[in-house]
Amino acid sequence: MSPMPILLLVATLFAAGAARAGEAVRILPQDSGVEVRLRGISAVDADVAWASGREGTVLRTIDGGAHWRALEVPGAGALDFRDIEGFDADTAVVLSIGPGAASRVYRTEDGGKSWSLTLQNDDPRAFFDCMAFRGERGWLLGDPVDGRFQIYASADGGRSWRLQETRMPQARADEAAFAASGTCIAPTPWGEQLAVSGGGAARVYLGDSGQREWWAVDSGLPSRVPAAGLFSATPMGEDMLLVGGDFEHEAAAGSAARVRFVDGHGMTVEALPAPRGYRSGAACAGAGDARCVAVGPSGVDALVDGAWRGVSETGYDAVDFAGGVGWASGDAGRIARIEFSD
């Protein structure tokens with residue numbers, strides 16, 4: 001693991017990690033068949049995607065979104081599924097949030113015909129927020145218990161989980177993660193894991209590949225109890241893109257940053273121009289010259305030549321890409337396919 005990360009805050013425009021100039025981002029609304037709020041979305045490929053939300057809702061498409069099918073998770077009708085991670089057309093893991101036993105993880109291997117409960121919280125102080133996978137390895141972030149964030153890890157695609165005995169920095173008063181889009185933790189291009197927080201502090205946490213040692217730095221971006229801070233982290237080429245804002249002031253300017261890994265020094269955080277509003281989710285397409293989109297209840301923005309360009313005034317909560325195709329999901333059962341065209 002590299003030395004303890006250092007913080008470099010730079011307000012700057014940049015070209016790398018932006019949508020290409022002159023490239024159109026197309027938002028193509030689809031019919032989800034439901035009316036509940038959908039805060040979980042996972043793109044597998046151009047044909048397969050999964051979505052999740054309130055009232056135990058899980059959806060799947062295998063034809064590019066032409067048809068979405070609702071899948072029943074037995075005994076989960078009262079749960080709020082804030083995150084879903086699809087592996088293929090048959091396999092997915094879904095996470096519900098809430099205090100105590102409401103925080104759970106289920107897994108299906110037969111396209112949603114049956115589900116296994118693979119993790120259920122038994123601590124009334126705990127609250128699950130989000131999860132992420134790199135292949136079969138997975139990480140789940142929970143709010144602080146006894147002053148430190150919880151990290152669960154899976155080595156088998158979410159079939160089983162283990163609470164990690166991490167050396168996690170002490171959380172600040174009222175600091176927590178936001179379960180707004182299932183993207184408050186993400187694997188980095190550097191082989192580690194990165195998590196973000198808000199409320200009492202807007203910090204960036206970096207965990208080593210051994211899942212034990214974690215470091216934290218202040219992002220320098222606004223935080224406010226209980227509604228403001230960093231909400232989403234996603235790979236952006238060789239770097240990481242962070243977005244956030246204040247969910248109690250959705251139309252006020254949001255916040256964004258770029259995290260770089262500097263060999264021998266750790267990570268640096270560079271402030272980016274603010275998105276047009278609070279942004280709960282972000283995702284990027286492409287590994288090199290990445291094309292990035294941020295979504296929130298007040299609209300959709302694309303990162304073009306280092307600045308955010310408005311794409312849509314329709315609000316979404318979560319976004320994910322697989323290759324050059326993605327989906328966004330939000331309130332009132334809203335789902336849209338996202339494509340880029342040169």
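A search of the whole structure finds 20 salt bridges, a salt bridge being a side-chain nitrogen of Lys or Arg within 4 Å of a carboxyl oxygen of Asp or Glu. The structure is a predicted model, in which local features need pLDDT of at least 70 and side-chain atom pairs count only at pLDDT 80 or more, while totals for chains, interfaces and linings use all residues. Residues are numbered from 1 along each chain as its sequence is written, and side-chain values use heavy atoms, with hydrogens and water left out.

One of these salt bridges joins the side chains of arginine 172 and aspartate 218 (2.8 Å, N to O). Arginine 172 lies in the loop between β13 (162-163) and β14 (175-176), and aspartate 218 lies in strand β19 (residues 214-218), so the pair ties together parts that are 46 residues apart in sequence. Strands here are DSSP runs (E, at least two residues), numbered from the N terminus. Arginine 172 counts as partly exposed because its relative accessibility is 39%, and aspartate 218 counts as partly exposed at 31%; the cut-offs are under 20% relative accessible area for buried, over 50% for exposed, and partly exposed in between (1.4 Å probe, protein chains only).

A salt bridge also links glutamate 175 with arginine 203, whose closest N and O atoms are 3.0 Å apart. Since glutamate 175 lies in strand β14 and arginine 203 in strand β18 (residues 203-207), this pair ties together parts that are 28 residues apart in sequence, and both glutamate 175 and arginine 203 are buried. In a further salt bridge, the side chains of aspartate 239 and arginine 258 meet at 2.5 Å, N to O. Aspartate 239 belongs to strand β21 and arginine 258 to strand β22 (residues 255-262), so parts that are 19 residues apart in sequence are tied together; aspartate 239 is buried, and so is arginine 258. Elsewhere, salt bridges that share partners join Arg107, Glu109, Glu136 and Arg159 into one network.

Strand β21 (residues 239-246) also holds aspartate 246. Is aspartate 246 buried or exposed? Aspartate 246 counts as buried because its relative accessible area is 13%. Leaving aside residues up to four places away in sequence, aspartate 246 touches Arg224, Ala227, Ala228 and Tyr278, where contact means heavy atoms within 4.5 Å. With the side chain of arginine 224, the side chain of aspartate 246 makes a polar contact (2.9 Å), that is, a pair of N or O atoms within 3.5 Å, of which, within protein, one must be able to donate a hydrogen and the other to accept it, and residues adjacent in sequence count only if both atoms are side-chain atoms.

The remaining topic is the pockets. Rolling a probe the size of a water molecule over the atoms shows where empty space is left. On a 1 Å grid over the protein atoms alone, a pocket is an open set of points with protein on both sides within 12 Å along at least five of seven lines, and lining residues have an atom within 4 Å of a point. The largest pocket is lined by 38 residues, of which Glu85, Phe133, Pro235, Asp320 and Phe321 lie nearest its centre. Strand β28 gives the most to this lining, with 5 residues. The second largest pocket is lined by 14 residues, and nearest its centre lie Arg39, Arg82, Ala180, Phe247 and Tyr278.

Notes:
On a 1 Å grid over the protein atoms alone, a cavity is a set of points where a 1.4 Å probe fits but cannot get out, and a pocket is an open set with protein on both sides within 12 Å along at least five of seven lines; lining residues have an atom within 4 Å of a point. Helices (H or I, at least four residues) and strands (E, at least two) are DSSP runs, numbered from the N terminus.
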